[in-house]
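Please find below some notes for a colleague who is meeting this structure for the first time. They are set out as numbered points, to be read beside the model.

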Amino acid sequence: MEGFPILTAIILTPFVGALVTMVLPRRRPEYVRVVGFVATAATLGFAGALLYSFHTHSGGYQFVENTSWMGTLGVRYHLGVDGISLFMVVLTALLFPLGLLGAGDIEERLKAFTVWMLVLESALLGVFLALDLVLFFVFFEIVLVPMYFIIGQWGHGRRVYAATKFFLYTMTGSAFLLVGLLSVAFLHQASTGRLTFDLPTLMQWTSAPGNLSSVTSKALFLAFFAAFAVKVPLFPLHTWLPDAHTEAPTAGSVILAGVLLKMGTYGFLRFSLQLFPRAAVSLAPLLLVLATIGIVYGAIVAAMQPDLKRIIAYSSVAHLGFVVLGIFALTTQGIEGGVFTMISHGLTTGALFLLVGMLSDRRHTREVAAFGGLWKSIPVLSGLFLLATFASIGLPGLSGFVGEFLALIGTFIVHRPYAIVSAVGVILAAVYLLWAFQRVFTGVPDGENATLRDISVRELSTVVPLLALSLFLGIYPKPVIDRVQPSVQALICHVERTTNYRQPAVAVGGGAVAAKRTDPCAGVSK
Amino acid sequence: MIGTVTPIVTPKIEWLALAPEIALGAAGVLIVLAKALMRRRPGVFGLSIVIAFVGVMTSGAFIGKQWVDVRHGGPFTTIRGMVALDGFGVFLGMVVLIATVLALLLSIRYLQREGLDAPEYLALMLLSAAGMLAMTTAGDLVVVFVALEILSIPLYVLAGFDRRRLTSQEAGMKYFVLGAFSSAVFLYGIALVYGATGTTSLTGIARFLAGNTVVHEGVLYAGLALLLVGLGFKVAASPFHMWTPDVYQGAPTPVTAFMASATKAAGFAALLRVLGTAFGLYKADWHLAIFGLATLSLVVGSVAGLVQRDVKRLLAYSSIAHAGYVLMGLEAATARGFAAALLYLFVYAFMVIGAFAVVLLVGRRGDESHDLDDYRGLAGRAPMLAGALTFFLLAQAGMPFTGGFVVKLQVFAATIQAGQYAMTIVGVLASVVAAFYYLRVVVAMYMSEPDGAPTPVLRIDPATALVLVAAVAVTLFIGFLPGTFLHFARDATLIFRA
């Protein structure tokens, strides 16, 4: 493994797959499917190798690659992975083959669809691995193009409206990100004489006292915030999400919810907190308020939706609210909970979107009112749906519980009121999802509902891995926590070293490796 | 009484400095000559094409020689400072020549399709290009003016070349009337600047302003303002853009492509030189004017483009917005800003000619199917063309991994470095607004079904295909590996100073 550029391999494999797909004959869809699946599976293989060779108890960046890209501008091709990005990479690599497998319904222009999906995968993996601000921005922005086409060409009903809205919302956000990152780099250049967009370098400079005034650092934080808040999406910037998720084809929804939204929360962790810890600490209440509103509002609105996909879409607003809540509680447990929820949400919402996709393939509708009594006609699919619902609600023993519980605990020890209000969201989640489940699956099936065919092997193979993982992580979250914790700890220590903020001692006590360690942040005066 | 005759002192002439212009001019004259001698004999058009390309290639070889000379020997002036040969001028000269070659390639098939295959068209385009080349290396306001006229007069004719089409006539007429007017304004500006400084030489003006305090500053400012108006017109910067949509729409499509790429580059060459060299010291005074021009161009170009249904008009407004981005580089008024402006013009030439190449084919015989409805379902009928146009539009919107992103990044970096945050924010937001109308074209091509009767298959001729491939390749290459290209362009900022 030593010396092999595994991160580049991870990013390039889908892209190479896309290039190969481009030259395949359009009349042979079976070749296209095979190439698409092989490319994504190979990427998953690389991601697995990465997971295997990742050094568990290390908080720094691993497998770093660093070469020059745009010489005169100081932009570098700098990649690296740590405990936080590791699972985003694995999740992305996992969801794509399943998404492609689940997109069996796509017959029309399959080749173009596969090309866009593979390009999208490359771009997303790049987002999670880039350690240069411009490189990150490049991947962050290019994600828009394939997703725009996937929603706009293969979506449902108002797909063009949804795709355009998605594109413009996100592009507006990233416009501010671009201004922000250029400003940081040139402020750094003005002070040190060196032009670089390298994250670790800039991070040291921005967090050293006296380099950034409080106003500047808040302004820059807000510029980055604009891009990430749109992506998450935080209330009130979330309105693109229900449209995009609902109109996208199944594979698109899975990727949107499973991976795309995490670009926002990942951006908060990787860039906002690392570059502007002081601004993050002083503006944290703003984010906590928005996150709490998102949790409650998302849940209430979800309950009122007549469309199954829209219910899940709004539930994403609520779940991502928990992630942001955990992150900006600025405690070890809170951030761990946030990261864990990011992973878990990818698994459970991915499964839910796949299952809803199966239902709408069968009935050509997603209206809750059109279904009823499916438990009797398609028991296996219904059972899986129930499991996914429980996982999403956060039933103990499934992954959703671990993440939200940690996020809530992490918030409770520092910001009690937010945690209490947000806990209502957990109950509301049970209300809207179980209510929807009840209306769709219970009762006596009538008409078309009585004669549906149950889940096929192909469909089964897309959902089962996700739910199995969710169950596994719900029972035994240690493998994830072990790898995430050192990076989270390093992040918290970075914030503590830079600011007056100290997380309460009780928060340090949590987690699996706490016993081995007395003072996690050596050198921070308590 | 017969005594010793004092010989007239002629300035020393570095012929190499003029060689590219001479090559193009000679080719243009040869074509006219060939036409005059051969009349309507078959083969005259073919011969003209050969002459045109030989002329352009010769010119290109000389430019290449100039580039090497300037890189090794440094910038210099010749003919008493009338011509300034520096990296900047030679670089933009290359942009002009590349744009000329691509536009000529587009023209061949177009002229045959429209039954306009007259050698005069080629001659006019070459002469106009010669004027542009002269503009890029002009070291004196009078030379700028002469070059401006040489490049404009053939363009007026070219814009109205399709005389059967009313819109083309209108374009020619409108461009001529407004262009002549703007030339007059420019000339008046030269007169006022001469009045204030006593010289028309760009370096002379700079020297004068450095060494003297101007008593009647009003005259100088008025002169500078009028120069800005004249050049602002040529580069289609708002508020001097009124002609752009009508002329771009009406002119034959290859001519539009030529105007959007080459004319813009030449106009900016003069603008950058006048402001950077002659009035470099008065940066504080012209800075606000450029800020205004850039902001207006960005806003007008992006917002007015939203309501266009004609793709040529839409690209016209987009070109106004792009003039705004180039102006942003000027607004930063730093070496990085000037370099960014140069890069922008280079990459924009490829993006815009590529886009117009597709428009040309979709326009069909008659050059009139330019409505958004004509693009409906293009992805199904001509996937390659739709893909290419999408690529060029996304590049113009500044999507990563295209040259369009790299140059926008350079421009924004320059303005941020200069502390022009307001300018940068206007720029990034304008690119979001503009993205919306680029997407409208994409939606028409990919997400709408064609309506009405089935349209005949679009055939891509080899020359147009070559243009498309070249434009895509260059735009992609710069997007992925900008390193070498950025170094290349950095050498182009060796601006000749006083």
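The points that follow take up confidence, the contact between the chains, helix packing, a hairpin and some backbone details.

1. This is a predicted model, in which local features need pLDDT of at least 70 and side-chain atom pairs count only at pLDDT 80 or more, while totals for chains, interfaces and linings use all residues. Residues are numbered from 1 along each chain as its sequence is written, and chains are lettered from A and ligands numbered from 1 in the order in which they are written.

2. The pLDDT, the predictor's confidence in each residue on a scale from 0 to 100, has a mean of 87 in chain A, where 95% of the residues reach 70 or more. In chain B the mean pLDDT is 89, with 96% of the residues at 70 or more. For the complex, the predictor gives an ipTM of 0.88 and a pTM of 0.91.

3. Within chain A, confidence is highest in α5(A), at a mean of 92, and lowest in helix α21 (residues 505-509), at a mean of 60. Over residues 510-517 of chain A the pLDDT is below 50, although this stretch has 13 contacts in the model beyond near neighbours in sequence. Where pLDDT is low, the predicted coordinates should not be read in detail. Helices (H or I, at least four residues) and strands (E, at least two) are DSSP runs, numbered from the N terminus.

4. How many residues of chain A are in contact with chain B? There are 25, and they meet 25 residues of chain B, where two residues are in contact if their C-beta atoms, placed from the backbone, lie within 7 Å. On the side of chain A that touches chain B, β1, α5 (133-142), α6 and α7 (159-192) each supply at least two residues, and the largest share, 12 residues, comes from α7(A). By class this side has 16 nonpolar, eight polar and one charged residues, with Ala, Val, Leu, Ile, Met, Phe, Trp, Tyr, Cys and Pro counted as nonpolar, Asp, Glu, Lys and Arg as charged, and the others, Gly among them, as polar.

5. In chain A, the axes of helix α4 (residues 110-129) and helix α6 (residues 144-154) come within 8 Å and cross at roughly 150°; axes are lines fitted to C-alpha atoms, for helices over the stretch in contact, and angles run from 0 to 180 degrees between N-to-C directions. The two helices α4(A) and α6(A) are therefore roughly antiparallel to each other, a term for angles over 145 degrees, as under 35 counts as roughly parallel, 65 to 115 as roughly perpendicular and the rest as oblique. Among the residues that meet are A:Phe113, A:Trp116 and A:Met117 in α4(A), and A:Phe149, A:Ile150 and A:Trp154 in α6(A). The residues of this contact divide into 11 nonpolar, no polar and no charged.

6. In chain B, helix α1 (residues 15-38) and helix α4 (residues 119-136) pack at an angle of about 165°, with their axes 8 Å apart, and α1(B) and α4(B) are therefore roughly antiparallel to each other. Their contact includes B:Glu21 and B:Lys35 of α1(B) and B:Glu120 and B:Leu133 of α4(B), and its residues divide into 15 nonpolar, two polar and three charged.

7. Strand β1 (residues 62-70) and strand β2 (residues 75-81) of chain A pair in the antiparallel sense over six bridges; strands pair if DSSP finds at least two bridges between them. They form a hairpin with four residues between them, and A:Gly74 in the turn has a positive phi of about 70°.

8. Most residues other than glycine have a negative phi, and most peptide bonds are trans. B:Arg80, which is not a glycine, has a positive phi of about 55°, and B:Arg80 lies in the loop between β1 (76-78) and β2 (83-85) of chain B. A cis peptide bond joins A:Val232 and A:Pro233, with omega about -10°, and another cis bond joins A:Phe235 and A:Pro236, with omega about 0°. A:Pro233 is placed in the loop between α9 (214-231) and α10 (240-247) of chain A, and A:Pro236 is found in the loop between α9 and α10 of chain A.
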